[in-house]
Amino acid sequence: MNVGAWLLWGFGATVVLTAVLAGSQAANLTRMNLPYLLGTMVTPDRDRAKVIGILLHVLNGWAFSLIYVLAFHTLGAARWWIGAGIGLVHAAFVITVGLPALPGMHPRMAGETQGPTVARQLEPPGRLGLHYGARTPLSLLAAHFVYGAILGAFYPL
């Protein structure tokens with residue numbers, strides 16, 4: 001395994017993934033801000049949550065890129081379309097399992113069956129993240145597709 005390439009391209013792919021998600025929010029395709037949601041899991045301070053969330057998102061991106069790299073080594077090939085395919089599977093998991101489970105893990109997020117409280121004020125994502133907008137699943141699929149494609153295209157095997 002090429003650790004330097006993994007660290008470089010894992011970081012680069014995560015930056016692009018984050019930019020695509022931020023661009024989706026700026027273009028009103030979704031209201032979801034994943035780094036903010038991650039940051040508010042750690043702190044109630046909304047300004048600090050944005051910074052902490054970005055750091056957590058980059059660390060998560062690096063960790064997940066290791067799984068992609070291991071998959072490339074297992075398959076014996078790293079191509080943009082292999083990475084994009086893994087990215088689509090990754091996004092499908094996030095959309096169908098991760099987002100619906102988020103209220104159970106997030107100390108400041110309301111649940112699907114109970115409304116907001118003083119401590120739990122964030123809106124839950126709902127099934128497929130649709131509470132954050134009808135195009136939220138598409139923006140997540142696109143971001144993870146690009147993330148995987150970058151890793152597959154540039155990780156040297």
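**Briefing: helix packing and selected residues**

Helix H3 passes helix H5 in a right-handed crossing. The structure is a predicted model.

**The contact of H3 with H5**

- Helix H3 covers residues 46-75 and helix H5 covers residues 136-154; they pack at an angle of about 55°, and their axes are 10 Å apart. That angle makes H3 oblique to H5, because an angle between 35 and 65 degrees is neither roughly parallel nor roughly perpendicular.
- On the H3 side, the residues that meet H5 are Gly-61, Phe-64, Ser-65, Tyr-68 and Phe-72. Their counterparts in H5 are Tyr-147, Gly-148, Leu-151 and Gly-152.
- Sorted by class, this contact has 5 nonpolar residues, 4 polar residues and no charged residues.
- An α-helix has 3.6 residues a turn, so residues three or four places apart point the same way.

**Helix H4**

- Helix H4 comprises residues 80-105 and has a kink of about 40° at Gly-98, shortly before the proline Pro-100.

**Leu-140 in H5**

- Leu-140 belongs to helix H5 and has a relative accessible area of 0%, so Leu-140 is buried.
- Apart from neighbours within four places in sequence, Leu-140 is in contact with Leu-21, Met-32, Ala-91, Ile-95 and Leu-99.
- Met-32 is 108 residues from Leu-140 in sequence, while their C-alpha atoms are 9.8 Å apart in space.

**Thr-40 in H2**

- Thr-40 is part of helix H2. Its relative accessibility is 2%, and Thr-40 therefore counts as buried, the limit being under 20%.
- Beyond neighbours within four places in sequence, Thr-40 is in contact with Ala-49, His-106, Arg-108 and Leu-122.

- Not counting residues up to four places away in sequence, His-73 touches Met-1, Tyr-155 and Leu-157.
- His-73 and Leu-157 are 84 residues apart along the chain, and their C-alpha atoms are separated by 7.2 Å.

How values were computed. Residues numbered from 1 in each chain as written. Predicted model: local features only at pLDDT ≥ 70, side-chain atom pairs only at ≥ 80, totals over all residues. Heavy atoms only, no water. Axes fitted to C-alpha atoms, helices over the stretch in contact; angles between N-to-C directions. Helix = DSSP H or I, 4+ residues; strand = E, 2+ residues; numbered from the N terminus. Parallel < 35°, antiparallel > 145°, perpendicular 65-115°, else oblique. Left-handed = near helix turned anticlockwise from the far one by under 90°. Contact = heavy atoms within 4.5 Å. Nonpolar A, V, L, I, M, F, W, Y, C, P; charged D, E, K, R; others polar. Bend = angle between axes of the 7 residues up to and from the residue. Buried < 20%, exposed > 50% of the residue type's maximum accessible area, 1.4 Å probe, protein only.
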